[in-house]
Amino acid sequence: MEKTFQLEIMTPEKQFFKGQAEGLIMPALDGEYGVQPGHEPIVTALEPGTVRYCVKGQWDDVIVGQGFAEVMPDYAILLVSTAERPGEIDKARAERAKAHAEECLRQKQSVQEYHRSKAALARAMARLKRRPNNWIRIREETRCFLMGEEHRVSVYLAGSKGQPWKGNGKNLRK
């Protein structure tokens, strides 16, 4: 089985990333999805947050806006409203956007304006949220039997010194 899959991260302005990836963790509406080569096909909505992908053993982070993801066994395409590297974020501008969105939410407004303000706040929070630099990631593989068939399960665990470990995503395949 292939050890990589084709990954594309696209915004309306540009193709942010295109290349072979070994793993992907993305913020979906119902939690974080972990993707590895051979993943079952899915289409899901993405919420603003951090997308992490692994290329040649090195994990990279990208802050994305809302969008959609299509995952197939040999490729994944993320169509997002915005994508930027953590080092490109203007923290002062993001703080101002957050304060403005919070103020708009406090005011009486139409339902449409309320949802716009909520989306703006989510974008600002995603840009400001930072993962500690001292996080450690472990990929644990094991075998399990499901409906009489043997499957290999890969689980990604992440944590930092003094913090509990938590699972960030998993992939089940034969």
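# Strands, core and contacts

Lys56 lies in the loop between S6 and S7; helices (H or I, at least four residues) and strands (E, at least two) are DSSP runs numbered from the N terminus. The model is predicted, with local features needing pLDDT of at least 70 and side-chain atom pairs pLDDT 80 or more, while totals for chains, interfaces and linings use all residues. Numbering starts from 1 along each chain as its sequence is written, and side-chain values use heavy atoms, without hydrogens or water.

Back to Lys56. Phi of this residue is near 50°. That is a positive value in a residue other than glycine. Lys56 counts as exposed because its relative accessibility is 78%. The cut-offs are under 20% relative accessible area for buried, over 50% for exposed, and partly exposed in between (1.4 Å probe, protein chains only).

## The chain as a whole

The protein chain has 2 helices and 13 strands. Of its 174 residues, 37% count as buried. Its accessible surface comes to about 10,800 Å² (Shrake-Rupley, 1.4 Å probe). Carbon and sulfur atoms hold 53% of that surface. Contacts (heavy atoms within 4.5 Å) also reach along the sequence. Among those with a separation of 6 or more, 46% join residues 24 or more positions apart.

The largest nonpolar core has 20 residues. Such a core is a set of buried Ala, Val, Leu, Ile, Met, Phe, Trp, Tyr and Cys residues joined through side-chain atoms within 4.5 Å. Which members touch the most others? They are Leu7, Ile9, Leu24, Met26 and Leu78. Strands S1 (5–10), S2 (15–21), S3 (23–28), S6 (49–55), S7 (58–64), S8 (67–72) and S9 (75–80) each give two or more residues to this core.

Leaving aside neighbours within four places in sequence, Leu78 is in contact with Leu7, Glu8, Ile9, Met10, Leu24, Met26, Leu46, Val51, Phe68 and Ala69.

A hairpin of 4 residues joins S1 to S2. Leu7 stands opposite Gly19 in S2. Gln6 has Gln20 of S2 as its bridge partner.

| Side chain | Partner side chain | Distance |
|---|---|---|
| Arg52 | Glu32 | 2.8 Å |
| Thr4 | Gln20 | 2.8 Å |
| Glu70 | Tyr75 | 3.3 Å |

Is Arg52 buried or exposed? Arg52 lies in strand S6 and counts as buried because its relative accessible area is 5%.

Thr4 sits in the segment before S1. At 24% relative accessible area, Thr4 is partly exposed. Beyond four places in sequence, Thr4 touches Gln20, Ala21, Glu22 and Pro37. Thr4 and Val55 are 51 residues apart in sequence, yet 8.7 Å apart in space, C-alpha to C-alpha.

Glu70 belongs to strand S8. Its relative accessible area is 30%, so Glu70 is partly exposed. Not counting residues up to four places away in sequence, Glu70 touches Ile42, Val43, Tyr75, Ala76 and Ile77. Glu70 and Ile42 lie 28 residues apart in sequence and 6.0 Å apart, C-alpha to C-alpha.

## The aromatic pair

How many aromatic pairs does a search of the whole structure find? It finds 1. Phe17 and Tyr53 form this pair, at 4.6 Å centre to centre. The planes are 40° apart, and the pair is tilted. Rings of Phe, Tyr and Trp (its six-membered ring) pair if their centres lie within 6.5 Å; planes under 30 degrees apart count as stacked, over 60 as edge-to-face and the rest as tilted. Phe17 lies in strand S2 and Tyr53 in strand S6, so the pair ties together parts 36 residues apart in sequence. Both Phe17 and Tyr53 are buried.

Conventions:
Pairing = 2+ DSSP bridges. Polar contact = N/O pair within 3.5 Å; in protein donor to acceptor, adjacent residues only side chain to side chain.
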